[in-house]
There are 2 protein chains.
Amino acid sequence: MEVRNRYVATRRHIEGAPTEADFEVREETARWTPDSGEVLVRNLYLSIDPYQLNRMKRSSASHLAVDGILPGQRIAAYAAGEVVASASPEYATGDVVAGVLGWEDYTLFRPSPAVLMSKVDATAGGGFPLSHHISVLGTSGMTAYGGLFEVCKPARGEKVFVSAASGSVGSLAGQFAKLAGCYVVGCAGTKAKVDLLKDKLGSDDAFNYKEEPDLKSALKRCFPEGIDIYFENVGGEMLEAALANMNLHGRVALSGVISEYTGGGRRAAPDLLEVIYKRITIRGFFAWDFLPRFAEFNAAIGEWVRQGKVQVLEDVSDGLESVASAFAALFSGQNVGKKLVKLA
Amino acid sequence: MEVRNRYVATRRHIEGAPTEADFEVREETARWTPDSGEVLVRNLYLSIDPYQLNRMKRSSASHLAVDGILPGQRIAAYAAGEVVASASPEYATGDVVAGVLGWEDYTLFRPSPAVLMSKVDATAGGGFPLSHHISVLGTSGMTAYGGLFEVCKPARGEKVFVSAASGSVGSLAGQFAKLAGCYVVGCAGTKAKVDLLKDKLGSDDAFNYKEEPDLKSALKRCFPEGIDIYFENVGGEMLEAALANMNLHGRVALSGVISEYTGGGRRAAPDLLEVIYKRITIRGFFAWDFLPRFAEFNAAIGEWVRQGKVQVLEDVSDGLESVASAFAALFSGQNVGKKLVKLA
């Protein structure tokens, strides 16, 4: 079987903030044969995540863990789709799957334990909107759940700060922390997002960092008793301010540092005496670390979603042509919740 | 009993590099009475440690954990001395003790579980030179032992980098790491220190950071297989370079950041993507964290010293008048090993 496949590619390595002009839609013919061992998936929802920008750089520490993206080539990405042809006994035509596919109409994959791929009906008991499988039940949920419960190990009553708190991971981390019995404050970059945090996501408090002349003072106001846990998505000044407000034995889960991805903001240069004397632990992690526990995490998360205890924020654009603009918009904070692109 | 007590005090808060002129020797009368519950100690060896500089600042994160030092007042410090009068059943005249005393001729203390004080004969089986009780068997040993074994948890064959490796803590951390079966590289600021590391302290390699145009390249050369553990005493550029050379699941024990104490060097602004994608853990700690295990740590360390497996480097100045210059010299790297002042 041959299908005409359109895929999004970068035109060049991207070192600063991405723009639509950095991308193009290319075409190729994807060939599937019955003896290939491969599965051909028609993609239905694509996950649009900030970390992909690091892969697009000429060099980045992210390349140590995730392949760099070469200009002109297809871009592997988490997505959900429908199997249209299978040369694997594990998958049948019509199966709906979620896992590592690509920013493209069709993806061929070869099943292996090393490939993250699951059948949607089997995930967390099934019955969820397809989009959920690449947001709350995908890597965003895994990052938030693993980062909070495995890295931070929150105790009831602890004070948790979440930055980029209306984003794909932050919106879940904050809600999970509330479910763990914590006091939760989030920050975001617009009044609408701050209202959302307080009114819909259950944050005890929230602030718009763009309206705060001094982030340290803002955090002091929101955390009169100090911060025990910082779920870090931002980097730069925000990390410095959070460390300055942390309590003894504070924990920082370093999930992302979006303000540092584009090279536009300055890097965090925290007062390391804070880290020493408060005996703070800063730990980097990412979603793949929790792969062996994907089903377990998703069972817990799925139950919360089913019970209405976790609100799922999805921000959906339409069509493969919108991938570039959707991706670029992440870095100016235009998304609310998980950014997805729905294919026709 | 009344004794004329001379003590070292700061003349003002110190915000940059300290100089002798920042200090003065003052006098007071110390009064001990038989019903005071107090113990009067004549100090014999004083510990001179870089962290004291943070206490001398007007404000510092260190004040959260250790009291700030006010100009004109006596300065609490680890020291060893002889009991000359005791109103406590726990201590007798003639007992030799080590613990928190002060930069002064005599110190009065009131025994309590919260005060770190031990009788020298009972420490690690006894039989050590008195000076060892405030170096290898004091807070320096505790910091090195706890930081390495509790914070870093080294496995045999792991690659360990120690900065300020000929200093009080670094010289021990590196030797302890060798005893744990690790590959150890240290850095220091003179050729003599580098030779000492290689010839006397058993480092597998060592380099003079002042002669390296690029610290990242120096570490790349010394650690072709990357760094698993960084025992951090320096901060600034050194931390950035170490993180750039770390392996997956690397650990940084943040023991001190002497290059940042004086405000002269720039703060570390590490590439946090390194921390995320290598899943690095950076943890601050200090000696007091291990107080409950002081006797256990000292038993292990003392045995190594007795067997000649750990070399003890002590750099001794004479007389209370030399405290200020000895302290100031720490920040220009003039000491080798633990800096002590011996009183007459």
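**A charge over a ring**

Mentor: We begin with a pair of side chains: the charged end of Lys119(A) sits over the ring of Tyr91(A), 5.4 Å from its centre. Please bear in mind throughout that this is a predicted model.

Trainee: Over the face of which residue does Lys119(B) lie?

Mentor: In chain B the charge to consider is that of Lys119(B), which is placed 5.4 Å from a ring centre. The ring whose face it covers belongs to Tyr91(B).

Trainee: By what turn can chain A be laid on chain B?

Mentor: Two copies of a chain are related by a rotation about an axis and a shift along it. Here the superposition gives an RMSD of 0.0 Å, and the shift along the axis is 0.0 Å. The two copies are thus related as by a two-fold rotation axis. The turn is 180°.

Trainee: Which residue of chain A has the C-alpha nearest the axis?

Mentor: The C-alpha in question lies 2.1 Å from the axis. It is that of Ala269(A).

Trainee: What percentage of the contact residues of chain A recur in chain B?

Mentor: The same surface serves both copies. The proportion of chain A contact residues that recur in chain B is therefore 100%.

Trainee: Which residues of chain B are in contact with Asn54(A)?

Mentor: Asn54(A) belongs to helix H1, residues 52-56 of chain A, and its side chain makes a polar contact of 2.9 Å with that of Lys57(A). Leaving aside neighbours within four places in sequence, its contacts in chain A are Ser60(A), Ser62(A), His63(A) and Tyr261(A). Those in chain B are Leu273(B) and Tyr277(B).

Trainee: Is Asn54(A) buried or exposed?

Mentor: The cut-off for a buried residue is a relative accessible area under 20%. Asn54(A) has a relative accessibility of 0%, so it counts as buried.

Trainee: With which side chain does that of Asn43(B) form a polar contact?

Mentor: Asn43(B) is placed in strand E3, residues 39-47 of chain B, and counts as buried at 2% relative accessibility. Beyond four places in sequence, Asn43(B) touches residues including Ala79(B), Gly81(B), Leu101(B), Tyr106(B) and Leu343(B). The polar contact, at 3.0 Å, is with the side chain of Thr107(B).

**Aromatic pairs**

Trainee: How many aromatic pairs does the structure hold?

Mentor: A pair of aromatic rings is described by the distance of the centres and the angle of the planes. Over all chains, the number of such pairs is 36.

Trainee: What is the arrangement of the pair formed by Tyr183(A) and Phe223(A)?

Mentor: Tyr183(A) lies in strand E9 and Phe223(A) in the loop between helix H5 and strand E11, so the pair links parts of the chain 40 residues apart. Tyr183(A) is partly exposed at 27%, whereas Phe223(A) is buried at 3%. The centres are 5.9 Å apart with 80° between the planes, and planes over 60 degrees apart count as edge-to-face. The arrangement is edge-to-face.

Trainee: And what is the arrangement of Tyr145(B) and Trp304(B)?

Mentor: Tyr145(B) lies in helix H2 and Trp304(B) in helix H9, so the pair ties together parts 159 residues apart in sequence. Tyr145(B) is buried at 14%, and Trp304(B) also counts as buried, at 18%. With centres 6.0 Å apart and 45° between the planes, the pair is tilted.

**Loops and backbone**

Trainee: How far apart in space are Phe331(A) and Thr262(A)?

Mentor: Phe331(A) is placed in the loop between helix H10 and strand E15 of chain A. It touches residues including Pro18(A), Leu53(A), Tyr261(A) and Thr262(A). Although Phe331(A) and Thr262(A) are 69 residues apart in sequence, their C-alpha to C-alpha separation is 8.0 Å.

Trainee: What is the phi of Ala164(B)?

Mentor: Ala164(B) is found in the loop between strand E8 and helix H3 of chain B, and counts as partly exposed at 29% relative accessibility. Its phi is positive in a residue other than glycine, with a value near 50°.

Technical notes: Residues numbered from 1 in each chain as written. Chains lettered and ligands numbered in written order. Predicted model: local features only at pLDDT ≥ 70, side-chain atom pairs only at ≥ 80, totals over all residues. Heavy atoms only, no water. Helix = DSSP H or I, 4+ residues; strand = E, 2+ residues; numbered from the N terminus. Buried < 20%, exposed > 50% of the residue type's maximum accessible area, 1.4 Å probe, protein only. Polar contact = N/O pair within 3.5 Å; in protein donor to acceptor, adjacent residues only side chain to side chain. Contact = heavy atoms within 4.5 Å. Least-squares fit on C-alpha atoms with pLDDT ≥ 70 in both. Phe/Tyr/Trp six-rings, centres within 6.5 Å; stacked < 30°, edge-to-face > 60°. Lys NZ or Arg CZ within 6 Å of the ring centre and 35° of its normal.
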